[in-house]
Amino acid sequence: MKKHNFNPGPAIFPISVLQEASQAILDFNGTGLSILEISHRGSEFTAIMDETISLTKDLLGLTDDHHVLFTTGGASTQFFMLAQNLLNTQDTAAYTDTGTWANKAIKEAKAFANIKVIASSKDKNYSFIPKDLSALPAESRFLHLTSNNTIFGTQLHDWPDVPVPIVSDMSSDIFSRPIPIEKFGLIYAGAQKNLGPSGVTMVIIRKDMVRTDLTHHLPPMLDYKTFIAENSLYNTPPVFSIYGSMLTLRWIKNLGGLDAMQKINEAKAKLLYDEIDANPYFKGTVAVEDRSLMNVCFVCDQEELENEFAVDAKNAGCVNLKGHRSVGGFRASIYNAMPIESVQVLVDTMREFARRKG
Ligand code: PMP
């Protein structure tokens with residue numbers, strides 16, 4: 001039986017994407033070759049790359065002012081790569097500290113340049129998104145924001161108006177909603193939640209962010225200019241991950257694009273948060289206005305009941321619901337590909353649990 005997979009990442013795929021990808025592993029488009037066997041320099045892969053970029057531009061409303069790049073090393077590599085590409089060591093950049101991943105981004109950038117942490121929710125275990133960004137230094141080259149905090153279950157719902165470009169880690173909510181693209185200088189995301197198979201990282205960079213005046217050396221594999229000049233083909237790219245991303249982006253486009261995706265995500269999240277709020281045995285862990293539509297964190301009102309509910313959920317086919325150790329309880333990751341029917345199964349299980357206890 002196919003499970004209801006609430007894993008935070010690698011995460012659930014649309015079933016139609018899995019079907020098409022599995023066929024392509026055996027025979028890609030009647031070529032007599034597996035997608036795993038085709039040349040990354042051949043016409044088949046060129047078409048895949050072109051379509052993935054054009055779907056990205058189309059869905060996000062990018063202009064010719066943007067490059068869409070595919071790197072490896074995950075979002076974790078971007079933590080230092082973006083700092084070393086966007087900053088000289090004496091430059092300043094501002095960051096907000098909204099969770100584990102934001103912290104890692106800060107740490108890597110601090111090792112390299114002058115980084116100011118202008119807001120933090122650390123004192124409340126990252127249960128909200130700090131809104132006061134008035135400490136932003138005038139000389140900042142950018143403001144780094146983590147759009148969705150995968151571990152703590154908070155999400156930025158209003159992009160701030162700031163006088164500098166926003167650089168955003170969108171690993172866990174890219175393509176889940178429309179974004180005001182004009183505010184961003186750089187966006188990056190590991191593929192494995194909303195985009196495709198793990199192994200590829202998408203980087204969208206506005207052309208004017210690419211520095212030609214860096215005073216330090218960058219190895220070619222860490223230099224955005226290499227990826228730009230070689231269309232992300234300087235070395236062998238993760239062909240299958242890019243192909244899987246293309247299929248997922250097609251699926252989003254066929255659903256009606258990001259406006260439609262957002263409505264579906266809102267409906268799923270509402271179903272689950274409404275149950276958390278109504279059910280006396282559960283409670284949410286973050287500020288209501290900052291609740292993530294992607295990662296829904298909740299605990300049992302009585303902690304000792306958590307193991308029992310975990311068994312019920314497992315018996316209902318709901319897997320990978322365990323909360324991160326820094327929050328505890330449960331985390332239901334309900335990314336784009338999660339069907340509302342699976343969320344309903346979880347909600348029904350919560351209701352049945354309350355009925356049995358009550
Ligand atoms: N940023 C966020 C918001 C994440 O959720 C993750 C992974 N869970 C990362 C960064 C790290 O990504 P990667 O594993 O691709 O390095």
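In β12, K283 has V299 as its bridge partner; strands, like helices, are DSSP runs numbered from the N terminus (strands E, at least two residues; helices H or I, at least four). β11 pairs with strand β12 (residues 295-300) in the antiparallel sense, over three bridges; two strands count as paired if DSSP finds at least two bridges between them. The model is predicted, so local features need pLDDT of at least 70 and side-chain atom pairs count only at pLDDT 80 or more, while totals for chains, interfaces and linings use all residues. Residues are numbered from 1 along each chain as its sequence is written, and side-chain values use heavy atoms, with hydrogens and water left out.

The open sheet has three strands in the order β11-β12-β14, with antiparallel pairing. β11 and β14 (330-333) are the edge strands, each pairing on one side only. On average, neighbouring strands of this sheet are turned by 35° against each other, direction ignored. Helix α8 (residues 306-315) lies across β11, β12 and β14 and runs at about 130° to β12. Axes here are lines fitted to C-alpha atoms, for helices over the stretch in contact, and angles run from 0 to 180 degrees between N-to-C directions.

## Seven-stranded sheet

Another open sheet has seven strands in the order β2-β10-β9-β8-β5-β3-β4, and its pairing is mixed. β2 and β4 (114-120) stand at the edges with a single partner strand each, so one side of each is left without a neighbour in the sheet. The twist from one strand to the next averages 20°. β9 and β10 pair in the antiparallel sense over five bridges, and L186 stands opposite I205 in β10. α2 packs on the sheet and touches β2 and β10, its direction making about 130° with that of β2. Helix α4 (residues 100-110) also packs on the sheet, touching β3 (92-97), β4, β5 (140-146), β8 and β9; its direction makes about 160° with that of β3. Contact means heavy atoms within 4.5 Å.

Strand β2 (residues 66-71) is joined to strand β10 (residues 201-206) by six bridges, and the two run antiparallel. H66 has R206 as its bridge partner in β10.

## Nonpolar cores

The largest nonpolar core holds 51 residues, of which I48, F175 and Y243 touch the most other members. Such a core is a set of buried Ala, Val, Leu, Ile, Met, Phe, Trp, Tyr and Cys residues joined through side-chain atoms within 4.5 Å. Not counting residues up to four places away in sequence, Y243 touches E20, A21, A24, F28, I35 and I48. Another core, of 31 residues, lies apart from it and has A11, I12, Y273 and V296 among its members.

## Aromatic contacts

The whole structure has 13 aromatic pairs. Rings of Phe, Tyr and Trp (its six-membered ring) pair if their centres lie within 6.5 Å; planes under 30 degrees apart count as stacked, over 60 as edge-to-face and the rest as tilted. Y281 and F353 form an edge-to-face pair, at 6.1 Å centre to centre and 85° between the planes. Y281 lies in the loop between α7 (257-278) and β11 (282-284) and F353 in helix α9 (residues 340-357), so the pair ties together parts that are 72 residues apart in sequence. Both Y281 and F353 are buried. One aromatic cluster is formed by Y281, F282, F298, F309, F330 and F353.

T349 also lies in helix α9 and is buried, at 10% relative accessibility. Leaving aside neighbours within four places in sequence, T349 is in contact with F309, D312, A313 and A316.

## Backbone features

The peptide bond from G9 to P10 is cis, with omega near -5°. P10 is placed in the loop between β1 (4-5) and α1 (15-26).

N29 is in the loop between α1 and α2 (43-60) and is exposed, with a relative accessible area of 67%. F175 is in the loop between β8 (166-169) and β9 (184-190) and is buried, with a relative accessible area of 1%.

Conventions
Buried < 20%, exposed > 50% of the residue type's maximum accessible area, 1.4 Å probe, protein only.
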